[in-house]
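This briefing is meant to be read beside the sequence and the 3D view. Please keep both open while going through the points.

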Amino acid sequence: MKIVQLTYISLPARDPHAWLKSIAFTDGILREIAKLTSIDAIFNIRYKGTFTENNVKYWFTAFNRWQVLLPIQLNLLVKGLNPDVVLVHGLISPWQV
């Protein structure tokens, strides 16, 4: 099984490691899930790149505000990962979902 976790909001952070440290309370859940199955986490901060840590693959997209409001590229990224389950973090994005 493959799980993708994402959020549809833009975040002001620029350093992915500092961002992950600031959300350690939710990142711990991802690490525990990664012990059982494959998981990718997508965040939209002001950094573009990927890395794997604790068996979780982190994707940082750096999309601008309009690309998040009309998330065609983000949804195509999720589709390309071919997930079995998609976890959307936050209730602020019903339009994007």
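The model is a predicted one. Its largest pocket has a volume of about 260 Å³, and α2 (24–34) provides the largest share of the lining, namely five residues.

**Largest pocket**
- Among the 15 residues that line this pocket, Gln-5, Ile-23, Thr-26, Phe-43 and His-89 are the closest to its centre.
- At least two lining residues each are supplied by β1 (2–10), α2 (24–34) and β5 (85–88).
- By residue class, the lining of the largest pocket consists of eleven nonpolar and four polar residues, with no charged residue.

**Helix α2**
- Asp-27, Gly-28, Leu-30 and Ala-34 are the buried residues listed for α2, and they lie on the same side of the helix because they cover an arc of only 160° around its axis.
- The exposed residues Phe-25 and Ile-29 are carried on the face of α2 that is turned away from its buried side.
- The cover over the buried residues of α2 includes β1, α1 (16–22), β2 (38–44) and β4 (56–60).

**Strand pairing around β1**
- β1 and β2 run parallel and are joined by six bridges; Val-4 has Asp-40 in β2 as its bridge partner.
- β1 and β5 also run parallel, joined by four bridges, and Ile-3 stands opposite Val-85 in β5.
- As a general point for reading these strands, side chains in a regular strand alternate between the two faces of the sheet.

Definitions and conventions:
Residues numbered from 1 in each chain as written. Predicted model: local features only at pLDDT ≥ 70, side-chain atom pairs only at ≥ 80, totals over all residues. Heavy atoms only, no water. 1 Å grid on protein atoms, 1.4 Å probe; cavity = no way out; pocket = protein on both sides within 12 Å on 5 of 7 lines; lining within 4 Å. Points joined across faces, edges and corners; volume = space filled by probe spheres on them. Nonpolar A, V, L, I, M, F, W, Y, C, P; charged D, E, K, R; others polar. Buried < 20%, exposed > 50% of the residue type's maximum accessible area, 1.4 Å probe, protein only. Arc of directions from axis to C-beta. Contact = heavy atoms within 4.5 Å. Pairing = 2+ DSSP bridges.
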